[in-house]
Amino acid sequence: MGDSEKHCHAGERREELEKTLRPVEVLALALGAIVGWGCFVLPGIRFLPDAGPIGTIIAFFVGALFQCIVALSYSFLIKPYPVAGGAFAYAYAGFGTKGAFICGWALVLSYICVIAANAMAMILLTRYLLPGVFDVGYLYTIAGWDINAGELAFVSAVLLLFGWMNFRGMSAASAIQVFLAFALTIGVLVLTFGTIQAETSIWSNLEPFFAEDRSPLACVLMVLALTPWLYVGFDTIPQTAEEFTFSPHKARDLMLLSIICGAIIYALVTLCVAGLIPYKELLAQNHAWATGWVADQVFGRWGGVALTVPVLAGILTGMNGFFMATTRLLFSMGRSKFLPNFFASVHPRYNTPWKSVIFTLALCLIVPWFGRAALIWIVDMSAIGTALAYLFTSLTAFKYLAQNPDIPEARWGKPVCLIGAATSIICFILLVFPSSPAAISVPSWIMLFIWVGLGGLFYLNRREELLHIPHSRLRYLLFGKSDYPVLFKEADEEESEPSASVQ
């Protein structure tokens, strides 16, 4: 590809991001995005009540295995398509314009939900750590949750800080991510060691191993359905592929390592919560934050306060990781005309997608005003979005390997891709099928329908312009080269959409 094509296609400049990310920064980005607030908050309110300790642990590692299979599908595509956008760019390569928009819209939902959930978890943390400090200036109540001016100001300040770091550039944001990921890991190991040493920690505290009101299989499925959301952070790696300072070939190992480490950390925290005293007794006490109570018992009040270091690190790494991933996804969608040009602007000094940063920040600043009541709803919606993105990626990877049989991974990679696709479909069915033990709630359905409706309206608004963009131009905007190979038949898409321009 010549320099003229690299920077311009039909008089149009393609904005590009600077290569600044090292392997350790990419691993910290993914691990921090995987291990967020849910690792420390959900054991007492979702995992143990729904599945029991052993049912939860089995689900964690079975889910990690499945997500590693999905990650392999990503690794097949990150080498031929090392650009910002991740699954969105892959969906275009595999299925064209409509598939790319559906996948990109689902991912935007998933990523912003994770940022929002982490922001709300910070309010829970401050109420435990500093009672009476930020929960002042009562404004109103939503579903039993008080909205206070002090908490809104605190969370808004944190979000503004992350927005500023991402506005200034990846170097500042990624350096903070490495530090926080290290603090997160050390904190979890300290909590684990302290819990094991406690006099009351015995194996029988984990009984019953599964939730008593459902079968062991149903218990595992309850948590397994959430694993696309639990491990969603690994796909922040392909989202930032355009900014790697190293070969994309290393991305596979980094993704697999981040998933395995995430599963171990989830399992350790859950076992700590369940193992100090009989976990049924712990759940009956109805603590606002079971993990914090366990840390108080193990280390004393100041030790419990110290636990907030890894918890805060988990929350902040999740917020920062998905902030970076969301802005890169919006940038890619804007650069390829799926979203307005507003999202494709790169700052002339900091070389960051600064308008995408501002848009993401604006949406996140709205969420704390609605309280913590929608936290579980957000988790379910996010899991659906990520399962859909994983399905598109797995199917695209299968098509890529099928059309390139000479690639060394093709022979064993195609069955892997099919397993990844089946895994995504199973998780999706578990969440949406009404009689499933993991079926999402009515409020989640309402919020999901609203998001799908907004996406439909947005697509209709952009449809005419998208269909008049030649595929050669879309390939240039997405991949940097107008004749970059894609896996769908452009003639078929044009036949189904007669108004589309022919190259």
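The model is predicted, so local features need pLDDT of at least 70 and side-chain atom pairs count only at pLDDT 80 or more, while totals for chains, interfaces and linings use all residues. Residues are numbered from 1 along each chain as its sequence is written, and side-chain values use heavy atoms, leaving out hydrogens and water.

**Aromatic pairs**

Searching the whole structure gives 24 aromatic pairs (rings of Phe, Tyr and Trp, taking the six-membered ring of Trp, with centres within 6.5 Å; planes under 30 degrees apart are stacked, over 60 edge-to-face, the rest tilted). Two of them are shown here.

| Pair | Type | Centre to centre | Between planes |
|---|---|---|---|
| Tyr74 and Tyr390 | edge-to-face | 6.1 Å | 85° |
| Phe101 and Trp105 | stacked | 6.1 Å | 5° |

Tyr74 in helix 3 (residues 38–78) and Tyr390 in helix 14 (residues 375–403) are 316 residues apart, so their pair links distant parts of the chain. Helices here are DSSP runs of H or I with at least four residues, numbered from the N terminus. Tyr74 is buried at 0% relative accessible area, and Tyr390 is buried at 1% (buried is under 20%, exposed over 50%, partly exposed in between, with a 1.4 Å probe and protein chains only).

Phe101 and Trp105 are both buried. They sit four residues apart in helix 4 (residues 87–129), which means about one helical turn separates them.

**Helix 13**

Which residues of helix 13 are buried? They are Ser356, Val357, Thr360, Leu361 and Cys364. These cover an arc of only 135° around the axis, so they lie on the same side of helix 13 (the arc is that of directions from the helix axis to the C-beta atoms).

**Helix 16**

Ile446 belongs to helix 16 (residues 442–467) and is partly exposed, at 49% relative accessibility.

Terms used. Helix = DSSP H or I, 4+ residues; strand = E, 2+ residues; numbered from the N terminus.
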